[in-house]
Amino acid sequence: MPVRFVIIGGGPAGNSAATHAARLGADVTLVERDIIGGAAHLWDCIPSKAMIATGGAMSFARRSELFGLHDEDLPQLDAAAVKARLADIEGHLHRAVVDLLESQSVRMVLGTGRLKGPHEVVVETDEGIEELEADAILVSTGSRPRIPDWAEPDGQRVLTTRQAYPPPEIPEHLVVIGSGVTGVEFVHMFSSFGSKVTLIVSRQQVLPTKDPEVAAALEDDFLRRGVVLFKGARAVGIQSDDDGVVVDCDDGRCATGSHALLAIGAVPNSEGLGLEAAGVELSESGHVPINHHCQSNVAHVYAAGDLSGKLPLSSVGAMQGRKIAEHVMGMHTRDHRHLDYDKAASAIFTEPEIADVGLAEADAFALGRKIRVTKVPFAASAKALINSDPRGFVKILSDPATGVVLGGSIVGRHAAELISVIALAVTAGLKVGDIVDSLLVHPTLSEALADAAE
Ligand SMILES: Cc1cc2nc3c(=O)[nH]c(=O)nc-3n(C[C@H](O)[C@H](O)[C@H](O)COP(=O)(O)OP(=O)(O)OC[C@H]3O[C@@H](n4cnc5c(N)ncnc54)[C@H](O)[C@@H]3O)c2cc1C
């Protein structure tokens with residue numbers, strides 16, 4: 001009899017596990033309460049990047065004179081058209097994921113799932129209760145925006161990220177609370193739309209966990225656009241009325257605006273999942289702690305994606321799903337590489353874009369590790385000049401003794417795409433010489449990677 005694999009949550013982690021396990025021969029049931037594709041498609045990665053692309057098109061139009069174009073009439077944002085575009089993209093992606101799952105004979109059950117015991121999953125559907133027996137279970141129920149007790153999002157003036165696609169009206173002045181990846185992407189998005197923006201930054205640096213040089217490049221761009229930074233301030237309250245919002249900070253300052261947006265992290269969707277019925281332990285934060293095979297403390301119950309408390313990235317969730325499928329099917333003994341979270345590439349879709357992978361310079365110094373750091377500005381790149389956008393740089397970290405690439409950061413146009421080369425080098429243990437010896441296309445931004453590797 002094939003392995004019966006039941007998955008609760010159809011985001012990137014769940015549907016990747018489902019497709020791969022089915023391909024490897026498992027009998028897979030995927031339970032989803034909302035939409036196959038998950039929050040990633042509906043609320044997070046995709047709509048945010050689609051709105052950023054609209055902002056990018058507006059910025060491009062504003063810069064068109066740099067390309068020898070002249071047009072008196074700049075484009076105006078049509079919120080209804082933007083909303084329709086988001087729905088269209090989400091619809092296409094949803095169909096693509098469902099087609100893929102169907103092609104692998106994954107059974108999809110629309111309903112809310114929970115564990116009833118170590119090997120039983122119960123699903124509440126519109127038609128009634130369905131009980132499923134499982135040899136292996138994956139919980140990949142994701143997370144939702146964190147709402148502090150001092151804020152009451154109303155979807156009108158005070159918004160969570162999920163209420164901003166787009167909001168009922170484009171804010172005249174948006175106060176963004178939180179300067180992590182999500183916060184800075186929304187700052188970029190709305191300032192591209194022409195909104196005034198104030199950003200509450202709880203530390204002294206936006207993107208507090210990133211390389212200071214990378215964060216400084218973004219801060220420069222924000223200041224150039226007129227974004228007001230409230231550094232070293234924590235929001236502690238929001239008052240709102242028909243006219244606007246006032247965000248109170250713990251240092252006595254107040255930020256006023258027309259709207260406020262909360263971007264202060266996420267909480268895992270672990271309540272009501274019946275994990276205790278299966279003996280699965282949770283961390284204090286509500287995540288399911290996992291080992292390097294993504295198993296919880298109960299060997300046949302796996303967790304992946306945001307629920308697992310590892311890097312909250314779609315790409316990481318999807319890779320966990322693939323690895324789990326291999327483990328469930330007993331494939332982890334042959335050519336199996338454990339997932340190395342330290343080698344996950346990530347990007348921030350601001351302008352300039354920011355991307356990094358592997359070892360960070362600050363971490364290398366903190367560890368007292370000898371590294372070679374080489375850096376090349378895009379100002380020296382022919383393609384950057386053709387693009388009229390010479391901002392940013394490529395930085396590569398390597399082992400001075402062996403030349404093995406250990407990590408890198410890119411700030412600049414298409415950084416999220418370009419980082420793939422360094423990510424491949426880091427994962428495959430390639431040397432800087434391998435990048436230098438690659439015959440790249442000219443003129444391209446990727447030539448700066450070869451120069452930085454030199
Ligand atoms: C604004 C924003 C932008 C982001 N942008 C990016 C990006 O550009 N790139 C990137 O890599 N990451 C990005 N992320 C992070 C990324 O969205 C998450 O890491 C990813 O969605 C996690 O995938 P997941 O499979 O764990 O969960 P999700 O995508 O959250 O899916 C979980 C699914 O489980 C379902 N579910 C929950 N409980 C139950 C239940 N009891 N029964 C049945 N179904 C249930 C939910 O309905 C949901 O569909 C972004 C996050 C945010 C907030």
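User: Is His-414 buried, exposed or partly exposed?
Analyst: In this predicted model, His-414 has a relative accessibility of 41%, so His-414 counts as partly exposed.

User: Where does His-414 sit in the chain?
Analyst: His-414 is placed in the loop between strand S23, which covers 405-411, and helix H10, which covers 415-428. As background, most residues other than glycine have a negative phi.

User: What about Ser-105, what is its phi?
Analyst: The phi of Ser-105 is near 60 degrees, again a positive value in a residue other than glycine. Ser-105 belongs to the loop between H4 and strand S3, the latter spanning 107-110, and Ser-105 counts as exposed because its relative accessibility is 62%.

User: And Ser-191, buried or exposed?
Analyst: Ser-191 is buried, because its relative accessible area is 12% and the cut-off for buried is under 20%. This serine is found in helix H5, and, once neighbours within four places in sequence are set aside, Ser-191 is in contact with Val-197, Arg-225 and Val-227.

User: Switching topic, how many residues are in the largest nonpolar core?
Analyst: That core has 47 residues, and those with the most contacts inside it are Phe-5, Ile-7, Val-28, Leu-115, Leu-138, Val-139 and Ile-324. Several elements each supply at least two of its residues, including strand S1 (4-8), strand S2 (27-32), helix H4 (79-103) and helix H7 (314-328).

User: Which element gives the most to this core?
Analyst: H1 does, with five residues. In general, nonpolar side chains in soluble globular proteins tend to be buried together.

User: Which residues is Val-28 in contact with?
Analyst: Leaving out neighbours within four places in sequence, Val-28 is in contact with Phe-5, Ile-7, Ala-18, Ala-21, Ala-22, Ser-105, Val-106 and Arg-107.

User: OK, now the ligand: which residues come nearest?
Analyst: There are 36 residues around the ligand, and of these Glu-32, Lys-49, Gly-113, Asp-306 and Ser-314 come nearest. The side chain of Glu-32 has an N or O atom that is 2.6 Å from an oxygen atom of the ligand, while a polar side-chain atom of Lys-49 lies 2.8 Å from a ligand oxygen atom.

User: What does Arg-33 place 3.1 Å from a nitrogen atom of the ligand?
Analyst: In the case of Arg-33, what lies 3.1 Å from that nitrogen atom is a backbone N or O atom.

User: How much of the ligand does the protein bury?
Analyst: Taken alone, the ligand exposes 990 Å², and the protein buries 89% of that. The elements giving two or more residues to the shell around the ligand include H1, S2, helix H3 (45-62) and helix H5 (181-192), and the shell residues divide into 14 nonpolar, 16 polar and six charged.

How values were computed:
Residues numbered from 1 in each chain as written. Predicted model: local features only at pLDDT ≥ 70, side-chain atom pairs only at ≥ 80, totals over all residues. Heavy atoms only, no water. Core = buried A, V, L, I, M, F, W, Y, C linked by side-chain atoms within 4.5 Å. Buried < 20%, exposed > 50% of the residue type's maximum accessible area, 1.4 Å probe, protein only. Helix = DSSP H or I, 4+ residues; strand = E, 2+ residues; numbered from the N terminus. Contact = heavy atoms within 4.5 Å. Near = heavy atom within 4 Å. Polar contact = N/O pair within 3.5 Å; in protein donor to acceptor, adjacent residues only side chain to side chain. Areas by Shrake-Rupley, 256 points an atom, 1.4 Å probe, with all protein chains shown as cover. Nonpolar A, V, L, I, M, F, W, Y, C, P; charged D, E, K, R; others polar.
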